[in-house]
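Here's a friendly walk through a protein model for anyone meeting it for the first time. Have a look at the picture, then read on.

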Amino acid sequence: MRVKPALFITACLAGFMLFCGNGVSTKSGGAVMGSLTVTSTAFGEGDMVPKQYTCDGRDVSPPLSWSGIPEGTKSIALICDDPDAPVGTWVHWVVYDMPPSTPGLPEHATAAGGLPRGAKQGMNDFRKMDYGGPCPPGGTHRYFFRVYALDRELGLREGATRAELVKSMEGHILAQGQLMGRYSRR
């Protein structure tokens, strides 16, 4: 049986999007999910996260920007996590219900300043509703800053967990993108 190249590429891309989505499903109805570009002026894709954004420094969130928000977006969500933690994926930051006009977040974005009006923060694995920077117990870990464009406001209470956010986003993701940084305590 001969497989058409276009069909093979489409199947590979679909599998890649599901893998990169960290288990979060695409828009309901089988629509193709769009791609966002996520960047930081502090570090590039795969680069080391500067010390000031970690537990060894000021432990403040890095500046983040994103582009490619599709038409019909009603809110934006962000999850920062470390899949290399010894206890499983460690959640560093959860932000949701950001307005679709939000182009990014400044350095040291907190509930006290820097988060857009209406945005909510969820509970991270440090048991706080704020950014908790990289603090690996050993080795070099990867930190994924994932941004999601959603077709609705989620309406979750302040302090929702990553699991609650992922469940609420299911079937409502129009586009997503990520920036991965690494950090090692030496």
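Let's begin with aspartate 59, which is partly exposed because its relative accessible area is 25%. For these labels, buried means under 20% relative accessible area, exposed means over 50%, and partly exposed is in between, using a 1.4 Å probe and protein chains only. You'll find aspartate 59 in the loop between β2 (37–39) and β3 (64–67). Its phi is near 55 degrees, a positive value in a residue other than glycine. Most residues other than glycine have a negative phi.

Aspartate 97 also has a positive phi, near 60 degrees. This one sits in strand β5, and it counts as buried because its relative accessibility is 6%.

## What you're looking at

This is a predicted model, where local features need pLDDT of at least 70 and side-chain atom pairs count only at pLDDT 80 or more, while totals for chains, interfaces and linings use all residues. Residues are numbered from 1 along each chain as its sequence is written, and side-chain values use heavy atoms, with hydrogens and water left out.

The protein chain has two helices and nine strands. Helices (H or I, at least four residues) and strands (E, at least two) are DSSP runs, numbered from the N terminus. Follow the sequence along and you get the pattern α-β-β-β-β-β-β-β-β-α-β. Of the 186 residues in the protein chain, 44% are buried. The accessible surface comes to about 9,400 Å², and 57% of that belongs to carbon and sulfur atoms; these areas come from the Shrake-Rupley method with a 1.4 Å probe, and for residues only the protein chains shown count as cover.

How much of the contact in the chain, at a separation of 6 or more, comes from residues 24 or more positions apart? The figure is 73%, where contact means heavy atoms within 4.5 Å.

Two strands pair if DSSP finds at least two bridges between them. β1 and β9 pair in the parallel sense over two bridges, and glycine 34 stands opposite alanine 175 in β9.

The other open sheet to look for has three strands, β2-β3-β6, with antiparallel pairing. Here β2 and β6 (104–105) stand at the edges with a single partner strand each, so one side of each is left without a neighbour in the sheet. Two bridges join β3 to the antiparallel β6, and leucine 64 stands opposite leucine 105 in β6.

## The helix across the sheet

Which residues of α2 are buried? They are Arg162, Leu165, Val166, Ser168 and Met169. Seen down the axis of α2, these buried residues fall within an arc of 165 degrees, so they line one face of the helix; the arc is that of the directions from the helix axis to the C-beta atoms. Their cover includes β4 (75–82), β5, β8 (140–150) and β9 (173–184). Ala163 and Lys167, on the other side of α2, are exposed.

Serine 168 lies in α2, which spans residues 162–169. It counts as buried because its relative accessibility is 12%. Leaving aside neighbours within four places in sequence, serine 168 is in contact with Arg152, Leu154 and Leu156. After the helix comes glycine 171, with a positive phi near 80 degrees.

Is histidine 92 buried or exposed? At 2% relative accessibility, histidine 92 counts as buried. It lies in strand β5 (residues 90–98).

The side chain of histidine 92 reaches the backbone oxygen of glycine 132 at 2.6 Å. Not counting residues up to four places away in sequence, histidine 92 touches a list of residues including Cys80, Asp81, Asp82, Phe126, Gly132, Cys135 and Tyr143.

Definitions and conventions:
Polar contact = N/O pair within 3.5 Å; in protein donor to acceptor, adjacent residues only side chain to side chain.
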